[in-house]
Amino acid sequence: MKNIALIAFVIGFVFSCQSGTENQRTYGTTLSLDDSISIELDSLTSFEFINVYYHENDSGEFLIHVNFLINGFNVYDLNSSRLLSQVSWPKSGPFSMSQINGLTVVNLDSIFLYTRGDLRKIVLTDYKGDDPEVLITKSNTEKGDAPDSFSFSGHTSSTRAPTIALGNRLYFSKYSNFDYYQASNINDSYVAEFSYDLKTNKMEPLTIGFPKWMQGKIWHMYYLLHSKTVNNKGEFIYSFSGEDSIRVSHKDGTYKAYQAKHDDQMEGISPYGDRIPPEQVLKDGVESFIYTQIMYDRYRNVYYRIVEKPLSYDPDKPKNYRAYYAKPVGCIILDAAFNKIGEVDFADDTYISYGAFVGKKGLYLPRLDPKYKNFSENRVDYSIYKLNMIGDK
Amino acid sequence: MNLKNFWSFFLLIGLFSCGGSPYYKELSQLLKQHEKSIQDYEYIAVINVDACISCMDIVKKFLHENNSNPQLLTVLVSASSKKINLLVGSLSEEVILRDVKMESIYDFELVDMKPVIYSVYGTEVEQRVILLTDLLDGVFFYY
């Protein structure tokens, strides 16, 4: 009898291991650490490179960093890692901007600047801050077709939700200032995106809002924030942080969802029944998958979806937002048709899930984890990950 | 009162009399490390400057307005010493404490995202979490 029990145990053990192995999908594509760069920082620039924009032209590659410390921006030559220009914008006068929080680089002679929380005024300038021009925007609410919640306030312009220039329009994202833990605010009239027509100076709401399945319920606030990118066909791709899928706005006007989750995520997210205490919010945020950024790689025609992976919440550690920084970071790779073709988990204690960008050489990840062993206030190190087939060198 | 109850009572009295109110010990330790004393201030504002990196102006204005108020100590918490340098500028640092190691967050849990005002009454400390914009209104003095 003892032998039978032992055999049953061994068989059960073997099969349970096999079952675990079957869940581990293998992919033909991966990201490999290929190169790195270091950008030296001057006394007016903090290491917090989380609002950056990449630009390439015939003369090279550039990184434009929104420098909150000087209410302006820095332009770096990525090939030499040198600072090309540093622009501190005036806070008073005809071209003033009180708090620059984002920008769009059309080319080095045309950079749009946006101020925090207010889009009534946009400034156009060049990479040296010369030849400024002011654009005064107008709402199209006189048409009566804008929903009640549409307004210029609450807009965001960041690396994860960039303001995209396409054709004659700028496409803005909005993170509302309302109470995200009020179910009635998570409704179908919410406008997450709007566009500005450079010819008519008018703002118009777009039809992207909270996913239907999330509406009328209470969620962890981070799940409701979105990231976006645009591909070579002019299709917009939206990624809500709590969704295991991305949403693509196809050229025919339809939206379609494509699954783009980390393989370790076995379950979807759940809504709350009621408002919950802050520590529970923190615990749930730390212990869940949060998809922070979607990027299109135009050089290789693929997409990268950055994810913060769950970490077991330690109640004995300080109970504050910095607990998120300890979360492991990964990336899901999608092909041009939004099929998942790869998944990568990056090294621990090196990266945070913000500030990544795509350049000619690959995916650039800033080493901004507080535990990064070579951290310096006077330098930002980037790892450059190259897309390749598994087995390639 | 039997002997066991007597010692329990004694222990409780001891704990309450030595510990002070919540946050008192943490604030005292933080300030002591920076060679300041909690008893010298009526208010201590702890501001996590990294929580809103585009809100520099609000904090800068708050520092300027209160730099000559000896009763208010402002603790600036940031991983970036450059950021604190730019905020402080040429202001007197008598009433400013630079917390670049972020001990207020990691070790003492005195602040998270929103600014916190501590009112000190002897060994009693009252905590109020406020909005960043409240710093400009000076509303915390009227509670």
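I began with Ile64(A), and, neighbours within four places in sequence left aside, I found this residue in contact with Val52(A), Tyr53(A), His55(A), Phe73(A), Val75(A), Leu103(A) and Val105(A). Contact here requires C-beta atoms, placed from the backbone, within 7 Å.

I note that the model is predicted: local features need pLDDT of at least 70, side-chain atom pairs count only at pLDDT 80 or more, and totals for chains, interfaces and linings use all residues. Residues are numbered from 1 along each chain as its sequence is written, while chains are lettered from A and ligands numbered from 1 in the order in which they are written.

**Cores**

I looked up the largest nonpolar core, which has 84 residues; Ile64(A), Leu103(A), Leu113(A), Tyr303(A), Cys331(A) and Leu363(A) touch the most other members. A second, separate core has 29 residues, including Ile38(B), Leu97(B), Ile117(B) and Tyr118(B). A nonpolar core is a set of buried Ala, Val, Leu, Ile, Met, Phe, Trp, Tyr and Cys residues joined through C-beta atoms within 7 Å. I use buried for 20 or more other C-beta atoms within 10 Å of the residue's own, exposed for 12 or fewer, and partly exposed for values in between, with C-beta atoms placed from the backbone.

**Sheet of chain B**

I traced an open sheet of five strands with mixed pairing, in the order β3-β2-β1-β4-β5 of chain B. β3 (96-99) and β5 of chain B are the edge strands; each has a single partner strand, so one side of each lacks a neighbour in the sheet. From one strand to the next, the twist averages 20 degrees. Strands (E, at least two residues) and helices (H or I, at least four) are DSSP runs numbered from the N terminus, and two strands pair if DSSP finds at least two bridges between them.

I then followed β4 (residues 116-121) and β5 (residues 124-129) of chain B, which run antiparallel and are joined by six bridges. Tyr118(B) stands opposite Gln127(B), and Tyr121(B) opposite Glu124(B). The two strands form a hairpin with two residues between them, and Gly122(B) in the turn has a positive phi of about 65 degrees.

**Helix α3 of chain B**

Which residues of α3 (residues 56-66) of chain B are buried? I recorded Val59(B), Phe62(B), Leu63(B) and Asn66(B). Seen down the axis of α3(B), these buried residues fall within an arc of 100 degrees, so they line one face of the helix; the arc is that of the directions from the helix axis to the C-beta atoms. The face turned away from the buried side carries the exposed residues Lys61(B) and His64(B).

I checked Tyr23(B), which is not a glycine but has a positive phi of about 80 degrees. Tyr23(B) lies in the loop between α1 (3-19) and α2 (24-33) of chain B and counts as buried, with 22 C-beta neighbours inside 10 Å. Asp349(A) also has a positive phi, near 55 degrees. Asp349(A) sits in the loop between β23 (340-345) and β24 (357-359) of chain A and counts as partly exposed, with 13 C-beta neighbours inside 10 Å.

**Val134(A)**

I located Val134(A) in strand β9 (residues 133-136) of chain A. Val134(A) is partly exposed, with 13 other C-beta atoms within 10 Å. Neighbours within four places in sequence left aside, Val134(A) is in contact with Pro94(A), Phe95(A), Lys121(A) and Val123(A).

**Interface**

I found 16 residues of chain A in contact with 15 residues of chain B.

Terms used. Contact = placed C-beta atoms within 7 Å. Axes fitted to C-alpha atoms, helices over the stretch in contact; angles between N-to-C directions.
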